[in-house]
Amino acid sequence: MRVLITGGAGFIGSHVADELAAQGHDCVLLDALLPEAHGAVPVLDHELVVGDVTSPEVLQPLLSTVDAVCHQAAMVGHGVDPFDAPSYARHNDLGTAVLLAEMYRAGVSRLVLASSMVVYGEGRYRCLSHGIVRAERSADDLARGVYEPRCFCGDFVVSELVPEDAPLEPRSTYAATKLAQEHLAVAWARQTGGSVWALRYHNVYGPRMPRDTPYAGVASIFRSALRNGVAPRVMEDGRQRRDFVHVTDVARANALALSSPRPGFEAVNVCSGSPHTIGELAFALAEACDGPTPAIVGGARAGDVRHVVASPAKALDVLGFEAQVGFEDGVREFAFASQREPVTSS
C-alpha cells in the first residue's frame, strides 16, 4: 500500500512513516515544516515533499499515486493567545477541507485522521446524587485554589474513563478546530462512502517532540525545562489526570487503522489505559534526568480542563490496539531521547 502522510516530517507523522515502512508499505510525506514545530529540516528516510496541505496544486499529483491518506498535519497545542485562531483554522480546518476535496477528485477513499482527546473538553464525571453530569469549575473556586469540578448541585464529582460516545465540548481554539476536522470528515464519508478512522490521541510523548515552543505538549515543556536546568512548573496542584501514550504506540494505532478500512466514520481513543497525574509526569522526568524538583505553582489557564482519561476498550475491540509502552519505561526513555531543535529565527 502506498500512503500519503500529511505532516509526515513532524513528531507523530515521522513515527507513523517509520512504522508503515517497517511493515512494508510505501510512504510519501507532505509537510509545510511550520516553524512552530521545526527548527530545521529533519533528516528522514522517506520521500518528503515540502508543501502546504491547503494547496490543491500540491495535493493533486501526490494523491494520484496513493491508496490511502494518513492526515497528521495540524497546528497543535494550547497556543499563545487568541491571535493564533486564524492560523489554527487555516492549517487544521481549511487544510482538512482541501484535502478531502482533492481525495474525492482523485478517487482516494481511505483516510486516517489524527484527532485529539481535546474534543471532549472536560472529561467524564459522576455525581453521587445525579449520576453522569456535565461538570464545571467556577472562577471563584479556581481563585481559591479549589480545582476539582462540581455538579450543578454544588457537590464535587468523581472522574471516570471517557468513552467515544461522550458529549463533545471543546474548550480551546485548538480543540474547536480538531472537532471541526471530525465534522468535515463525517460529512465527507457520508457524501462519498469513504472510510474514516478518527484517532483521538491522548497525551502523546516520546522521541522527536519539538522543544522550547509554547505549541508543544506538557511532556516536552517539562523536558525542555529540565534540559535547561530549570525546575518544571506544574500548574494547579499537579493532580490533573491525563493518559500519557507513547508515540510508537500511536504509530501502531495508525498502521492498524490504515489496514482496517470500513465504510463511514469511526472515532477511537488512542491511549495507554493507565492514567497518571501531570505532577507524576513532572516528578518522574525530573528523577530520570537527575534534575531540579518540580515546582507546584497553582493557578489555571483559561480553557484548561481538570481530568481527561480515556477508555481503551473500543480501540481494542475494533482495531485490536493495546498500548505496549508502560509509563515508567516510556518516561525513562523520553528523559534522554532526542527532541526537535527549537526555532532560531522568526
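**Helix packing and aromatic pairs**

Ala-286 has a relative accessible area of 5%, so this residue is buried. The model described here is a predicted one. Ala-286 belongs to helix α8. Which residues does Ala-286 touch, apart from its neighbours within four places in sequence? Ala-286 is in contact with Leu-226, Gly-291, Pro-292 and Pro-294. Val-297 gives a sense of distance: 11 residues separate Ala-286 and Val-297 in sequence, and their C-alpha atoms are 16 Å apart in space.

Ala-286 and Leu-226 both take part in the meeting of helix α8 with helix α6. Two packed helices are described by the angle between their axes and by the distance between those axes. Helix α6 covers residues 218–227 and helix α8 covers residues 278–289; they pack at an angle of about 35°, and their axes are 10 Å apart. The crossing of α6 and α8 is right-handed.

Which residues make up this contact? From α6 come Val-218, Ala-219, Phe-222, Arg-223 and Leu-226. On the α8 side they meet Ile-278, Leu-281, Ala-282, Leu-285, Ala-286 and Cys-289. Sorted by class, the contact of α6 with α8 has 10 nonpolar residues, 1 charged residue and no polar residues.

Arg-223, one of the α6 residues in this contact, also lies over the face of Phe-334, at 5.8 Å from the ring centre. The ring of Phe-334 brings in another topic, the aromatic pairs.

How many aromatic pairs does a search of the whole structure find? The search finds 3. Among them is the pair of Tyr-205 and Phe-334, which is edge-to-face, with 6.0 Å from centre to centre and 75° between the planes. This pair links distant parts of the chain: Tyr-205 is in strand β10 (residues 203–205) and Phe-334 is in helix α10 (residues 327–334), 129 residues apart. Are Tyr-205 and Phe-334 buried or exposed? Both are buried.

Another of the pairs is formed by Phe-244 and Phe-327, and this one is tilted, with 6.1 Å from centre to centre and 45° between the planes. It too links distant parts of the chain, with Phe-244 in strand β13 (residues 244–246) and Phe-327 in helix α10, 83 residues apart. Why do these two residues count as buried? Buried means under 20% relative accessible area. Phe-244 counts as buried because its relative accessibility is 4%, and Phe-327 does so because its value is 12%.

Notes:
Residues numbered from 1 in each chain as written. Predicted model: local features only at pLDDT ≥ 70, side-chain atom pairs only at ≥ 80, totals over all residues. Heavy atoms only, no water. Phe/Tyr/Trp six-rings, centres within 6.5 Å; stacked < 30°, edge-to-face > 60°. Helix = DSSP H or I, 4+ residues; strand = E, 2+ residues; numbered from the N terminus. Buried < 20%, exposed > 50% of the residue type's maximum accessible area, 1.4 Å probe, protein only. Lys NZ or Arg CZ within 6 Å of the ring centre and 35° of its normal. Axes fitted to C-alpha atoms, helices over the stretch in contact; angles between N-to-C directions. Left-handed = near helix turned anticlockwise from the far one by under 90°. Contact = heavy atoms within 4.5 Å. Nonpolar A, V, L, I, M, F, W, Y, C, P; charged D, E, K, R; others polar.
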